Amino acid sequence: MLNKLIKDLEKVRDPIKAKRLAVYFKSKKGEYGEGDIFLGIIVPKQRSLSKKYSNLSLSDIQKLLSSKNHEYRMTALFILISKYEKAEDKLKGRIINLYLKNLKKGRVNNWDLVDLSAPKILGDYLFARDKMLLYTLVRSKNLWQRRIAVLSTFDFIKKGRFKDSLKIAKILISDKEDLIHKAVGWMLREIGKRNLETEINFLNKFYKKMPRVTLRYATERFTKESRNKYLLK
């Protein structure tokens with residue numbers, strides 16, 4: 001089945017799109033996506049193929065995740081999410097172990113891979129469990145591990161729980177990476193969609209210390225007057 005999936009992926013690769021994606025996802029030396037190889041396969045096609053090969057084994061998913069090809073890894077994560085959503089607790093534990101193993105080995109290593117998988121796999125798994133892992137990840141030197149800590153809490157936010165998102169946002173206020181600034185602002189905005197008072201209380205307390213990118217993302221849905229209160233500091 002794995003060989004058939006790879007053949008199907010290769011059939012729809014697009015060299016022109018691949019060049020554009022390599023630039024968009026910053027894959028040059030010294031950039032955050034350094035070394036990533038793109039095939040130029042659009043996301044809807046990856047989703048479609050992931051459904052076709054949803055019964056792929058965990059060992060074959062691991063082989064895809066070990067690839068240098070970005071779209072192989074993304075398709076693997078689509079399949080892994082599907083498996084996780086249907087799994088019983090024992091299999092969910094195996095999936096989490098697989099996910100964390102590949103995170104540590106640097107295979108969940110660009111913002112699209114993180115944003116796709118972190119809330120639906122790690123976030124869901126930790127919702128009713130101890131959250132200490134998130135606080136280990138958020139203090140990692142690795143950009144993607146910190147972003148996974150932030151994005152995992154998106155699952156909590158959707159379920160009406162904001163505590164960990166706010167704690168992690170506070171920890172990351174002084175982070176140096178733009179992709180972390182954006183992620184934190186995004187999560188604050190999502191909290192505001194559900195409980196504006198909670199977001200405003202947090203902003204009032206910390207906005208003077210927050211990066212402008214974070215503030216722009218966090219206040220995107222505010223009125224111009226309300227937004228300027230934070231941006232024109």
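This is a predicted model: local features need pLDDT of at least 70, side-chain atom pairs count only at pLDDT 80 or more; totals for chains, interfaces and linings use all residues.
Colleague: At what angle do helix α1 and helix α4 pack?

Modeller: Helices are DSSP runs (H or I, at least four residues), numbered from the N terminus. Helix α1 covers residues 2-11 and helix α4 residues 58-65, and their axes are 10 Å apart. Axes are lines fitted to C-alpha atoms over the stretch in contact, and angles run from 0 to 180 degrees between N-to-C directions. On that basis, the packing angle is about 35°.

Colleague: Is the crossing of α1 and α4 left-handed or right-handed?

Modeller: A crossing is left-handed if the near helix is turned anticlockwise from the far one by less than a right angle, and right-handed if clockwise. The crossing of α1 and α4 is right-handed.

Colleague: Which residues make the contact of α1 with α4, and how do they divide by type?

Modeller: Contact means heavy atoms within 4.5 Å. Leu 2, Leu 5 and Ile 6 take part from α1, and Asp 60, Lys 63 and Leu 64 from α4. For the types, Ala, Val, Leu, Ile, Met, Phe, Trp, Tyr, Cys and Pro count as nonpolar, Asp, Glu, Lys and Arg as charged, and the others, Gly among them, as polar. The division is four nonpolar, no polar and two charged.

Colleague: How many aromatic pairs does a search of the whole structure find, and what is the geometry of Tyr 32 with Trp 144?

Modeller: Rings of Phe, Tyr and Trp (its six-membered ring) pair if their centres lie within 6.5 Å; planes under 30 degrees apart count as stacked, over 60 as edge-to-face and the rest as tilted. The search finds ten aromatic pairs. For Tyr 32 and Trp 144, the centres are 5.6 Å apart with 80° between the planes, and the pair is edge-to-face.

Colleague: Why does the pair of Tyr 32 and Trp 144 tie together parts apart in sequence?

Modeller: Tyr 32 lies in the loop between α2 (15-24) and α3 (43-52), whereas Trp 144 lies in helix α9 (residues 143-158). Because of these positions, the pair ties together parts whose separation in sequence is 112 residues.

Colleague: Are Tyr 32 and Trp 144 buried or partly exposed?

Modeller: Buried means under 20% relative accessible area, exposed over 50%, and partly exposed in between (1.4 Å probe, protein chains only). Tyr 32, at 29%, is partly exposed. Trp 144, at 7%, is buried.

Colleague: Why is the pair of Phe 154 and Trp 186 edge-to-face?

Modeller: The ring centres of Phe 154 and Trp 186 are 5.5 Å apart. The pair is edge-to-face because the planes stand at 65°.

Colleague: Which charged residue lies over the face of Phe 154?

Modeller: A charge sits over a ring if NZ of Lys or CZ of Arg is within 6 Å of the ring centre and within 35 degrees of the ring normal. Phe 154 itself is buried, at 11% relative accessibility. At 4.3 Å from its ring centre lies Lys 158.

Colleague: What is the phi of Lys 26?

Modeller: Most residues other than glycine have a negative phi. Lys 26 is in the loop between α2 and α3 and is partly exposed at 36% relative accessibility. Although Lys 26 is not a glycine, its phi is positive, at about 50°.

Colleague: Which residues does Glu 34 touch, not counting those up to four places away in sequence?

Modeller: Glu 34 lies in the loop between α2 and α3 and is partly exposed at 47% relative accessibility. Beyond four places in sequence, Glu 34 touches Lys 26, Ser 27, Lys 28 and Lys 29.

Colleague: Is Leu 103 buried or exposed, and with which residues is Leu 103 in contact?

Modeller: Leu 103 lies in helix α6 (residues 89-104). With a relative accessible area of 3%, Leu 103 is buried. Leaving aside neighbours within four places in sequence, Leu 103 is in contact with Val 108, Leu 137, Gln 145 and Ile 148.

Definitions and conventions. Residues are numbered from 1 along each chain as its sequence is written. Side-chain values use heavy atoms; hydrogens and water are left out. Helices (H or I, at least four residues) and strands (E, at least two) are DSSP runs, numbered from the N terminus.
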